[in-house]
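Have a look at the model first, then read on.

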Amino acid sequence: MNNNTAQQRLEQLTQQLNQSGSFMFSRDDNNLTLEQRMQYERDGFIIIKNLLSDDDINSYLNRFKEICTLPAEEVKKLNFLVMRDIKIAKTEFKNSESAITKLQDWQ
């Protein structure tokens with residue numbers, strides 16, 4: 001991000017923060033209901049039930065588990081980083097999804 005773009009973004013954020021009574025973290029673009037926006041502003045997340053099918057969730061979960069158990073050489077070929085919790089990575093759970101905290105640069 002160049003300095004001009006960063007400055008413009010900072011000014012935009014400052015304007016948004018100075019607007020009393022407005023939403024700080026969501027846009028008024030009709031993608032979320034007022035209740036969803038209020039929950040997101042309050043909690044930092046929203047739950048959208050039935051957004052994904054059970055088949056989709058199982059597919060993603062199985063792929064995640066597969067990635068978690070890959071050898072380091074295979075993970076490097078995928079071009080992303082598997083972040084592990086250091087404390088858990090030193091236990092018997094080191095090669096399971098329990099030790100993974102984040103997949104970075106997921107494509």
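## Surface and overall build

The chain exposes about 9300 Å², and carbon and sulfur atoms supply 50% of that area (Shrake-Rupley method, 1.4 Å probe). This is a predicted model, where local features need pLDDT of at least 70, side-chain atom pairs count only at pLDDT 80 or more, and totals for chains, interfaces and linings use all residues. Residues are numbered from 1 along each chain as its sequence is written, and side-chain values use heavy atoms, leaving out hydrogens and water.

Of the 107 residues in the chain, 9% are buried (under 20% relative accessible area, 1.4 Å probe, protein chains only).

## The nonpolar core

Which residues make up the largest nonpolar core? They are I67, C68, V75, F80, V82 and I100; such a core joins buried nonpolar residues through side-chain atoms within 4.5 Å. Leaving out residues up to four places away in sequence, V82 touches I67, V75, I100, K102 and L103 (contact means heavy atoms within 4.5 Å).

## Around S26 and R37

S26 is found in the loop between α1 (3-18) and α2 (34-43). This serine, S26, is buried, with a relative accessible area of 13%. Beyond its neighbours within four places in sequence, S26 is in contact with R37, Y40 and E41.

The side chains of S26 and R37 are joined by a polar contact of 2.9 Å (a donor and acceptor pair of N or O atoms within 3.5 Å).

Technical notes
Buried means under 20% relative accessible area, exposed over 50%, partly exposed in between (1.4 Å probe, protein chains only). Helices (H or I, at least four residues) and strands (E, at least two) are DSSP runs, numbered from the N terminus.
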